[in-house]
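Me: I'm new to this one. Can you show it to me and then take my questions one at a time?

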Amino acid sequence: MSPAASAPSGAAPAPAPDSSLVLSVEGLTVSLATAAGPRTLVQDIGFALRRGETLALAGESGSGKSITALAIMGLLPPGMAPVAGRVMLGPTDLLRLPERGLRRIRGNRVAMIFQEPMTSLNPVMTIGAQLTEALCAHAPLSRREARERAIEALQAVRLSDPARRFAQYPHELSGGMRQRVMIAMALALRPDVLIADEPTTALDVTVQREVLDLLRDLRRETGTALDPHHP
Ligand SMILES: Nc1ncnc2c1ncn2[C@@H]1O[C@H](COP(=O)(O)OP(=O)(O)OP(=O)(O)O)[C@@H](O)[C@H]1O
């Protein structure tokens with residue numbers, strides 16, 4: 001991890017409570033169980049994110065940026081576990097929350113967009129069906145309300161002709177459009193924190209710029225704090 005993302009020493013006095021603090025990661029350490037014993041993948045990471053703020057985790061390949069993001073979401077692959085630290089979302093330590101509680105937090109309070117939107121979208125469901133399903137899973141909405149919210153979300157990410165996109169399948173959209181759909185899906189639930197793990201790596205350079213500009217504008221409009229990986 002770069003110095004910007006590395007953990008504070010822990011010797012500093014506890015800061016005064018800060019109501020704008022959304023997410024605070026302290027001393028996060030993740031290890032992988034191997035035949036030769038535990039291997040540390042992320043060591044003593046710490047950072048704080050305030051409402052409306054953007055924070056970038058920078059570091060060389062393999063330094064643990066994705067693992068940090070997955071640990072925050074409680075989505076570490078089997079064999080990996082956080083072995084020290086805290087991930088405070090308001091007063092709640094996500095590392096100590098059971099899976100049921102985490103499921104309520106994901107999407108609603110903390111959402112994540114991944115590198116390759118094609119692998120996160122279901123190829124046999126329309127964009128609209130996926131958006132409304134995600135919305136209905138998190139909020140008690142009628143189908144009609146969910147459809148309206150989904151189309152609004154597609155509009156918010158500046159997709160042309162949102163009503164038509166709603167009825168299309170992922171393969172009918174370009175890579176940049178698919179990433180916009182993923183952003184729409186993540187933001188439709190109005191999370192406090194959006195984690196973006198290299199959201200533009202799979203896109204060509206001009207589309208990368210458009211998606212990053214869009215994320216920046218949406219952050220301003222919604223106040224969602226953003227934790228982009230390789231912005
Ligand atoms: N599924 C896995 N099983 C075992 N080890 C893994 C797995 N995924 C990642 N690792 C290891 O965890 C460490 C951190 O990986 P991570 O993917 O977080 O790096 P990164 O900083 O996101 O890299 P990149 O910039 O290349 O995406 C690496 O040493 C990697 O080998």
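**Getting to know the fold**

Reply: Happy to. Keep in mind that this is a predicted model. The protein is split into domain 1 (3–98) and domain 2 (117–229).

Me: Which element gives the most residues to the side of domain 1 that touches domain 2?
Reply: Between the two domains, 16 residues of domain 1 are in contact with 11 residues of domain 2. On the domain 1 side, the elements giving two or more residues are β1 (21–34), β2 (37–50) and α1. The top contributor, with 5 residues, is α1.

Me: How many residues on that side of domain 1 are charged?
Reply: Let's go through the side of domain 1 that touches domain 2 by class. Its residues include 9 nonpolar and 3 polar ones. The charged ones number 4.

Me: What about the ligand: which helix gives the most to the shell around it?
Reply: The ligand's surroundings are L32, L41, G59, S61, G62, S63, G64, K65, S66, I67 and P77. By class, that shell has 4 nonpolar, 6 polar and 1 charged residues. The element giving the most, with 3 residues, covers residues 65–73 and is helix α1.

Me: How many bridges join β1 and β3?
Reply: Strand β3 spans residues 80–89 and pairs with β1 in the antiparallel sense. As one example of who faces whom, S24 stands opposite M88 in β3. The pairing of β1 and β3 runs over 8 bridges.

Me: Is T29 buried, exposed or partly exposed: which one?
Reply: T29 is found in strand β1. Leaving out residues up to four places away in sequence, T29 touches T40, V42, Q43, D44, P82, V83, A84 and G85. Being buried takes 20 or more C-beta neighbours within 10 Å, and being exposed takes 12 or fewer. T29 has 17 inside 10 Å, so it counts as partly exposed.

Me: How far apart in space are T29 and G46?
Reply: In sequence, T29 and G46 are 17 residues apart. Going C-alpha to C-alpha, their separation in space is 9.6 Å.

Definitions and conventions:
Residues are numbered from 1 along each chain as its sequence is written. This is a predicted model: local features need pLDDT of at least 70, side-chain atom pairs count only at pLDDT 80 or more; totals for chains, interfaces and linings use all residues. A residue is near a molecule or strand if its C-beta atom, placed from the backbone, lies within 6 Å of it. Helices (H or I, at least four residues) and strands (E, at least two) are DSSP runs, numbered from the N terminus. Ala, Val, Leu, Ile, Met, Phe, Trp, Tyr, Cys and Pro count as nonpolar, Asp, Glu, Lys and Arg as charged, and the others, Gly among them, as polar. Domain bounds come from an automatic or database domain assignment. Two residues are in contact if their C-beta atoms, placed from the backbone, lie within 7 Å. Two strands pair if DSSP finds at least two bridges between them.
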